[in-house]
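Subject: Structure for you to look at

Dear colleague,

I am passing on the structure we spoke about, with the sequence alongside.

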Amino acid sequence: MVSADLVRTVVGIIGNVISFLLFLSPVPTFVQIWRKKSVEQFSPAPYLATMINCMVWVLYGLPIVHPNSTLVWTINGTGVAIEMVYLLLFLIYSDKKGRFKVLQIVLVEVVSVALLATLVLTLVHTTKKRTAIVGIVAIVFNTMMYASPLSVMKIVITTKSVEYMPFFVSLASFANGVAWSAYAFIKFDPFILAPNGTGALFAVAQLILYAVYYRSTQRQIAARQAKGDVGLSELVVNGSSRKTNSSRNGHGSEG
């Protein structure tokens, strides 16, 4: 009979793969930034949010905080490294004001997580209590990150178009939430289950919106092509919604 630990490990590896692909989903955005040598109107907020989220989960997965969680800290450690590369590109290609703001927030995040780690590891002396404290903090950050696409969903409903809500990112987000929820169920971990279960529900909502507005989106595209107009996605990129699109692509991790 297959042991629960083996099944949990396999599910965790699947979750690692899906999360890794989600971390890489903003790569086209940064290729564009690199080619144009400018961040233009792209926002660093999603990448700053993902980085602190990953740092907290790395702390959570450490054996001295929550034993037997190697697959949690490995993927989130990878996430921290990837987000640092993204933010480095923001530092290189932002103007002086933007560069200072990004650097300032990164320093605050690093200091905050270091302070949390120091306090938890020095003042709390059992892994059960350490797990509870860091887990609650991680839930807050993870849920906020999963909720970030809400602004995109609002625009989809308003415009009746899913042009700027990529289907495969939404599908991967759903798979990511399901994989990590299953991981948390096998050896019950409410701190991983809560944010990832919520994330799966948000992703389901996005997929439902995609199904509802897919045909109207195709009609809008066909109508614009017939008139020779620019696409909505181009308007979104060049207009005020670019930050929203960037936010959606920055969505990334698990618990």
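The notes below go from the overall fold to the largest pocket.

Please bear in mind throughout that this is a predicted model. The protein has 11 helices and zero strands, and, read along the sequence, its pattern is accordingly one α after another, α-α-α-α-α-α-α-α-α-α-α. There are 255 residues in the protein, and buried residues account for 46% of them.

The rest of my notes concern the largest pocket, for which the computed volume is about 390 Å³. Its lining is made up of 19 residues, and those that lie nearest the centre of the pocket are Phe42, Ser43, Pro44, Gly98 and Lys101. Three elements, namely α3 (45-61), α4 (70-93) and α5 (96-123), each give two or more residues to this lining, and of the elements it is α5 that gives the most, with five residues. Sorted by class, the lining of the largest pocket holds nine nonpolar residues, together with five polar and five charged ones.

When you have the model on screen, you might begin with Phe42, Ser43 and Pro44, which are among the residues nearest the centre of the largest pocket, and then turn to α5, which gives five residues to its lining.

With best wishes

Methods: Residues numbered from 1 in each chain as written. Predicted model: local features only at pLDDT ≥ 70, side-chain atom pairs only at ≥ 80, totals over all residues. Heavy atoms only, no water. Helix = DSSP H or I, 4+ residues; strand = E, 2+ residues; numbered from the N terminus. Buried < 20%, exposed > 50% of the residue type's maximum accessible area, 1.4 Å probe, protein only. 1 Å grid on protein atoms, 1.4 Å probe; cavity = no way out; pocket = protein on both sides within 12 Å on 5 of 7 lines; lining within 4 Å. Points joined across faces, edges and corners; volume = space filled by probe spheres on them. Nonpolar A, V, L, I, M, F, W, Y, C, P; charged D, E, K, R; others polar.
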